[in-house]
2 protein chains.
Amino acid sequence: MNTHQHSTPELTKNQGLVYDSLSHAGGPLSAYAILDDLRDHGIRAPLQVYRALDKLLEMGLVHRLESLNSFVACQHPDCDARATMLFAICSKCSCVSELAGEDLEAQLKSLAASDGFTVQAATIELRGICSACGQSAA
Amino acid sequence: MNTHQHSTPELTKNQGLVYDSLSHAGGPLSAYAILDDLRDHGIRAPLQVYRALDKLLEMGLVHRLESLNSFVACQHPDCDARATMLFAICSKCSCVSELAGEDLEAQLKSLAASDGFTVQAATIELRGICSACGQSAA
DNA sequence: ACAATAAATGTTATTTTATAACACCTCGAG
DNA sequence: CTCGAGGTGTTATAAAATAACATTTATTGT
Ligand SMILES: [Zn+2]
Ligand SMILES: [Zn+2]
Ligand SMILES: [Zn+2]
Ligand SMILES: [Zn+2]
C-alpha cells in the first residue's frame with residue numbers, strides 16, 4: 001500500500017510495475033525478487049527490472065540498501081529536499097524504517113571535513129531490533 | 001605497507017596472505033581482486049579468499065565496504081574498542097579513509113531510539129572528494 | 001502531419017560476487 | 001592413540017549486475 005505518492009512524475013509501464021511491486025511489498029526486495037513478482041505482468045529479464053530501478057532511484061522514489069543488495073520504496077514525503085536519510089533494518093523481522101537525519105548531516109560533514117573530505121552522498125544503514133520485535137521478545 | 005598491526009592474533013596461512021594483500025593494496029579490493037593477487041601464492045578458489053576474509057572480519061582486522069562490494073584493511077589501532085567507524089570513499093581516486101565516529105554513535109542511537117529501534121551495528125559510508133583530489137582540482 | 005531525435009523496451013549472453021557440498025589435513029585435549 | 005575442531009583444497013552452483021544489439025514508443029521541431 002503506497003501512502004504518500006511523492007509528486008510522482010508519471011512512470012512508464014515498467015517503472016510503474018516495479019514501483020508498485022516495491023510499494024506493496026512493504027519491505028526491501030532484491031531485483032530478482034521483483035522480477036519473480038512481476039513474471040505474470042510481462043517482466044521476463046533482470047534488465048527490465050534494473051533499468052526501471054535506475055530511473056526510480058534517480059527520481060528518489062526508491063532507495064537502495066547497500067548492505068542487503070536490495071531496494072525499498074521511499075517512505076518519506078520529500079527525501080530529495082531533506083537531509084541525509086538513514087535506514088534502520090531489523091535483524092529479526094527484516095522490516096526497514098527510513099529516518100530523517102536532521103542534524104546528523106551537519107555532524108557527518110564536519111567530521112569528514114576534519115579529514116579534508118567533502119561529502120557528496122552518505123549511506124547510513126543500521127542493524128538492530130525494531131520496536132515491534134523488541135517488545136515481543138521482552 | 002601495514003602500519004599498526006593491531007594485536008594480531010597469529011593468522012593462518014591463507015588469512016595472512018589475504019591480510020597482506022589488502023594491507024599492501026592501500027585501498028579497497030574485491031574478493032576476486034585478492035584472488036588474482038594471490039594466484040602466485042597458491043590461492044586458487046574464491047572460497048579460500050572468502051573464508052579468510054570472514055575470519056579477518058570477525059577479528060576486526062578487515063572491514064567490508066558494502067557500497068563497493070569490497071574489503072579494506074583496518075586503518076585504526078583499536079576499532080573494536082572504539083565507537084562506530086565510518087568510511088570516506090573518494091569518487092575520484094577511490095581512496096578510503098576510516099574515521100572514528102566519536103559522538104556520532106550516541107546521536108545515531110538516540111535517533112534510532114526515537115523510533116523504538118535498538119542499534120546493534122552501523123554501516124556508514126560517505127561518497128565525496130578526498131583532500132588530495134580536492135586540492136588538485138582547485 | 002512528418003521527419004528527426006530521444007527514451008523506453010525486449011532479448012540473449014556474459015560478467016561479477018558469493019555459497020553449497022564434500023574430501024582431506026593438522027594439531028591439540030583427553 | 002583418538003577424536004574433534006578448525007583450516008584447507010576443489011568442483012559446482014547460486015545470486016546480483018551488466019553488455020550488446022534490435023525494436024518500439026514517445027517527444028520535439030518544422
Ligand atoms: Zn526516501
Ligand atoms: Zn523487527
Ligand atoms: Zn577499523
Ligand atoms: Zn581522491
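Figure 1. In strand S2 of chain A, A:Ser70 is the bridge partner of A:Leu65. Strand S1 (residues 62-65) and strand S2 (residues 70-73) of chain A run antiparallel and are joined by 4 bridges; two strands are taken to pair if DSSP finds at least two bridges between them. These two strands form a hairpin with 4 residues between them, and A:Asn69 in the turn has a positive phi of about 45°. The model is predicted: local features need pLDDT of at least 70, side-chain atom pairs count only at pLDDT 80 or more, and totals for chains, interfaces and linings use all residues. Residues are numbered from 1 along each chain as its sequence is written, chains are lettered from A and ligands numbered from 1 in the order in which they are written, and side-chain values use heavy atoms, with hydrogens and water left out.

**Figure 2. Chain A as a whole.** The secondary structure of chain A comprises 5 helices and 5 strands; helices (H or I, at least four residues) and strands (E, at least two) are DSSP runs, numbered from the N terminus. Read from the N terminus, the order of elements in chain A is α-α-α-β-β-β-β-α-β-α. The C-alpha trace of chain A spans about 50 × 40 × 25 Å along its principal axes.

Figure 3. Strand S5 (residues 118-129) of chain A and strand S5 of chain B run antiparallel, joined by 11 bridges. Within this pairing, A:Ile124 has B:Ile124 as its bridge partner, and A:Val119 stands opposite B:Gly128. Inside chain B, strand S3 runs parallel to strand S5, with 4 bridges joining them. B:Leu126 in strand S5 is the bridge partner of B:Ala88.

**Figure 4. The side of chain B that touches chain A.** The contact (heavy atoms within 4.5 Å) takes 35 residues from chain B and 35 residues from chain A. About 2800 Å² is buried between the two chains, and carbon and sulfur atoms give 60% of this area; buried area is the accessible area (1.4 Å probe) that two parts lose on being put together, summed over both. B:Gln107, B:Phe117 and B:Leu126 supply 20% of the area that chain B buries against chain A, more than any other three residues. Strand S3 (85-90), strand S4 (96-100), helix H4 (104-113) and strand S5 (118-129) of chain B each contribute at least two residues to this side. The largest share, 12 residues, comes from strand S5 of chain B. By residue class, the side of chain B that touches chain A divides into 18 nonpolar, 12 polar and 5 charged residues.

Figure 5. Chain B superposes on chain A by a rotation of 180° with 0.0 Å of shift along its axis (RMSD 0.0 Å), using least squares on the C-alpha atoms of residues with pLDDT of at least 70 in both. The two copies are thus related as by a two-fold rotation axis.

Conventions:
Ala, Val, Leu, Ile, Met, Phe, Trp, Tyr, Cys and Pro count as nonpolar, Asp, Glu, Lys and Arg as charged, and the others, Gly among them, as polar.
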